[in-house]
Amino acid sequence: MLPSQPLLHAVVFAVAVLRALASDPFIAAVYEHAVILPDVTDKPVSPDDALALMNKNMDVLEGAVKEAAQQGAHIIVTPEDGIYGWRFTREAIYPYLEDIPDPTVNWIPCIDPTRFGPAPVQERLSCMARNNSIYVVANIGDKKPCNSSDPSCPSDGRYQYNTDVVFDPEGKLVARYHKYNLFMFESQFNYPKEPEAITFETPFGKFGIFTCFDILFREPAVVLVSELQVDTVLFPTAWMNVLPFLTAVEFHSAWAMGMGVNFLAANTHRTSMSMTGSGIYAPDRARTYYYNMKTEEGHLLIAELDSHPRLSPASPPAVNWSSYASSVDRFSPNDHDFRGLVFHDWFTFTELTKSEGNFTVCQNDLCCHLSYKMAGKQEDEVYVLGAFDGLHVVEGQYYLQICTLLKCKSTDLKTCGQPVETAQTKFEMFSLSGTFGTNYVFPEVLYSGVQLAPGEFEVLSDRRLMSKTRPTKPVVTVTLFGRWYEKD
């Protein structure tokens, strides 16, 4: 039975509306900042000296805000630790902190700076937003007094939080987020008693925000995307790159694709600590990104994004990540599997001894399947297929399932899993899949020189990661990075 004419018109209209909402674009900006650091000291400096250091950094950030606004950006994200750095004890950071109120107080610091006590940093950030008619996202420190009646109150009588703030184009404070998953070196801060899931509405979609190490945990990252259905995630970070899977640009672009959201990642820039890698990512590909280990300058990125990426016809459907791998027989059983260490995790590897073939490698409940053809195998380059299924326990504890095709550092198999940035071998094709127990799987393709492959690979409906270009550029790693939040 054919639908009635009014019903057909209604369906066509609804589809047209959804497509219009999805494609309604906005301009996003992120700034990778080479932070001016304070002198190392265990003793607190004066409030005036602390503000002088922060103003030096905010001078740079204000220049980036103005330039982004002049180029039509609606929002700009700046990095974690971007205003005062990270060389602090708990006592030494105190002069840099301000009391940041709950945004429900309806406050514009640029107009009423002393309403909640001295707040020169919030005032200046608010004025940056107001004077340039742009959302400004920054990372600063919050302080909250507590007393002995609170059993978790620190001995110095205050909580100190690593905090993101967002000011709207009028300069109003519209979001405040206290980082929940502190990294191992953040002893100067407390974590909030409960994880916060912070969202706010904009004319270009629903936004959520969290900080750096938070991305590897269910709360708040998965809650914001899967439960609260944000369209765009704001991500101030101070990310230290760890090859082969956790360089900023590859993991953040993969996370955006795996979660189906826009992702605005602003990193600090300090090559001595392997800190670089910022980007503006959509679910289908990286719109723009920056990775530079050669110079010490900051960098502004600007790109257009769809306001509601889930409504886009290009948005991938939710599919079981193991649907293909669980349906195929094991490729070429291997008698020569070996163990290799990748960022403190013991992988099971098998060497790709031929220029083309089909291989399977398994560890615990995870089996990884690879079909490939090299475009001329380089004799001095060795590639392996690897699998890891287990608990990572170094800088935090979290369960991983990883399938990877990666280049070894040398022809010595003992180097497989060590950091590698360059390669010469190109592939005519590759297809990677795995029997994942989680649907939180992030696809990564990293080319020589830590270059992404936007638009040059795809994830099929049966969840095989496939190459699209023939041949590829030289490959460093092809990875399906599974994060099994459910087992934590």
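Predicted model: local features only at pLDDT ≥ 70, side-chain atom pairs only at ≥ 80, totals over all residues.
Colleague: What makes Cys110 and Cys127 a disulfide?

Modeller: The term covers a pair of cysteine sulfur atoms within 2.5 Å. Here the sulfur atoms are 2.1 Å apart, so the pair passes. Helices here are DSSP runs (H or I, at least four residues), as are strands (E, at least two), numbered from the N terminus.

Colleague: And which hand does the disulfide of Cys110 and Cys127 have?

Modeller: Its S-S torsion is about 105 degrees, so that one is right-handed.

Colleague: How many disulfides does the structure hold, and which pattern do they follow?

Modeller: Five. Counting bonded cysteines along the chain, the pattern runs 1-2, 3-4, 5-6, 7-8, 9-10. Among them is Cys146 to Cys153, at 2.1 Å from S to S; both of those cysteines are buried, and the torsion of about 75 degrees makes that disulfide right-handed.

Colleague: Why do Cys408 and Cys416 count as buried?

Modeller: Cys408 has 1% relative accessibility, and Cys416 has 1% as well. Both values fall under 20%, so both residues are buried. Their sulfur atoms are 2.0 Å apart, which gives a disulfide, and a torsion of about 90 degrees about the S-S bond makes it right-handed.

Colleague: On to Ala423. Why is Ala423 called buried?

Modeller: A relative accessible area of 11% is under the 20% limit, so Ala423 is buried. It lies in the loop between β18 (398-407) and β19 (427-434). Its contacts (heavy atoms within 4.5 Å) are Glu381, Tyr383, Lys407, Ser448, Pro474, Val475 and Val476, leaving aside residues up to four places away in sequence. The C-alpha atoms of Ala423 and Gly449 are 8.0 Å apart, with the two residues 26 apart in sequence.

Colleague: What about Gln229: why is Gln229 partly exposed?

Modeller: At 41%, Gln229 falls between the 20% and 50% limits, so it counts as partly exposed. Gln229 is in the loop between α4 and β8 (232-237), and its phi is near 55 degrees, positive in a residue other than glycine.

Colleague: Where is Val450 found, and why is Val450 buried?

Modeller: Val450 is in the loop between β20 (441-447) and β21 (457-459). Its relative accessible area is 1%, so buried it is. Val450 also has a positive phi of about 55 degrees without being a glycine.

Colleague: Which residues does a cis peptide bond join, with omega about 10 degrees?

Modeller: Glu219 and Pro220; Pro220 lies in helix α4 (residues 218-227). Another cis peptide bond joins Arg470 and Pro471, with omega about -10 degrees, and Pro471 is in the loop between β22 (465-467) and β23 (475-483).

Colleague: What volume does the largest cavity have?

Modeller: About 90 Å³. On a 1 Å grid over the protein atoms alone, a cavity is a set of points where a 1.4 Å probe fits but cannot get out, whereas a pocket is an open set with protein on both sides within 12 Å along at least five of seven lines; lining residues have an atom within 4 Å of a point. Of the 14 residues lining the largest cavity, Phe245, Leu246, Phe343, Asp345 and Phe481 lie nearest its centre. The largest share, three residues, comes from β18.

Colleague: And how much space lies in the second largest pocket?

Modeller: About 530 Å³. It is lined by 25 residues, with Phe183, Phe185, Cys212, Ala238 and Met240 closest to its centre. Cys212, at 9% relative accessibility, counts as buried.

Terms used: Residues numbered from 1 in each chain as written. Heavy atoms only, no water. Buried < 20%, exposed > 50% of the residue type's maximum accessible area, 1.4 Å probe, protein only. Points joined across faces, edges and corners; volume = space filled by probe spheres on them.
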